[in-house]
There are 2 protein chains.
Amino acid sequence: MFTEERLDIIDHVAISARDIGEAVRWYTQTFRCKILYQDETWALLGFGNTKLAIVHPSQHPSHIAFVHSEAEKFGSLTPHRDGTSSVYVADPAGNAVEILKQT
Amino acid sequence: MFTEERLDIIDHVAISARDIGEAVRWYTQTFRCKILYQDETWALLGFGNTKLAIVHPSQHPSHIAFVHSEAEKFGSLTPHRDGTSSVYVADPAGNAVEILKQT
């Protein structure tokens, strides 16, 4: 039987907003999603297949976060409060990419 | 039994790159993903839970595309070659959002 190789997962996509509350209101009123976390510096919204992070520009750039089985190969991992750890890199076009260690 | 309300889906995330081939090589060498489409103006990569579009900046801005059951409420839908149709809007922070009609 042919078994397709497992594909990597996009854990979340992060966009910038100066007013986190205003952005959370817009996304939750526009789409069926749920608030997983919210404070004044960032929020995390759950969608059916991935998550949307809304981040104050002083915190992180807009980025896409991928789960990778060997994240440590991309640099020194920074641990986060939720138990995950990750490293930021740039793709050849300069887009910010977060590589999250698979847990 | 509690049934969680179905959440909306992020169909794809689109980032900009001037050299589509170079970006496709980097993403396919860095992650387990598959090339769904590629020409000189854009490419579409399949991941385990969503898709990554790599688009020449002359075509579209970086954006996130959500599937919505009433996409036409957001404006006049533009049909695409693959049979889908969508409209672009901006969130309150100015981030580009594509709203795709559910098919």
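Colleague: What makes a side chain of chain A count as positive or negative, and how far apart do the centres of the two sets lie?

Modeller: Lys and Arg count as positive and Asp and Glu as negative, while His and the chain ends are not counted; the place of a charge is taken as NZ of Lys, CZ of Arg, CG of Asp or CD of Glu. By that rule chain A has 9 positive and 13 negative side chains, and the centres of these two sets lie 5 Å apart. Please keep in mind that this is a predicted model, in which local features need pLDDT of at least 70 and side-chain atom pairs count only at pLDDT 80 or more, although totals for chains, interfaces and linings use all residues. Residues are numbered from 1 along each chain as its sequence is written, chains are lettered from A and ligands numbered from 1 in the order in which they are written, and side-chain values use heavy atoms, with hydrogens and water left out.

Colleague: How do you know which helices and strands chain A has?

Modeller: Helices (H or I, at least four residues) and strands (E, at least two) are DSSP runs, numbered from the N terminus. Chain A comes to one helix and eight strands, and from the N terminus on these elements run β-α-β-β-β-β-β-β-β. The helix, H1(A), covers residues 20–30.

Colleague: What makes the approach of Thr50(A) to the backbone oxygen of Ile10(A) a polar contact?

Modeller: A polar contact is a pair of N or O atoms within 3.5 Å; within protein, one must be able to donate a hydrogen and the other to accept it, and residues adjacent in sequence count only if both atoms are side-chain atoms. A polar atom of the side chain of Thr50(A) lies 2.8 Å from the backbone oxygen of Ile10(A), and the backbone oxygen of Asp11(A) lies 3.2 Å from a polar atom of that side chain. Both values are within the limit of 3.5 Å, so both pairs meet the distance condition.

Colleague: Which residues does Thr50(A) touch?

Modeller: Contact means heavy atoms within 4.5 Å. Leaving out residues up to four places away in sequence, Thr50(A) touches Ile10(A), Asp11(A), His12(A), Leu45(A), Ile10(B) and Asn49(B).

Colleague: Turning to chain B, why is Ser86(B) called buried or exposed, and what does its side chain join?

Modeller: Ser86(B), in strand S7 (residues 85–90) of chain B, has a relative accessible area of 1%, so Ser86(B) is buried. A polar contact of 2.6 Å joins the side chains of Ser86(B) and Glu98(B).

Colleague: How do you know whether Ala43(B) is buried or exposed?

Modeller: Ala43(B) stands at 0% relative accessibility and therefore counts as buried. Ala43(B) has its place in strand S3 (residues 42–46) of chain B, and its contacts beyond four places in sequence include Leu52(B) and Ile54(B).

Colleague: What makes a set of residues a nonpolar core, and which members touch the most others in the largest one?

Modeller: A nonpolar core is a set of buried Ala, Val, Leu, Ile, Met, Phe, Trp, Tyr and Cys residues joined through side-chain atoms within 4.5 Å. Of the 46 residues in the largest nonpolar core, Tyr27(A), Ile54(A), Tyr27(B), Leu52(B) and Ile54(B) touch the most other members.

Methods: Buried means under 20% relative accessible area, exposed over 50%, partly exposed in between (1.4 Å probe, protein chains only).
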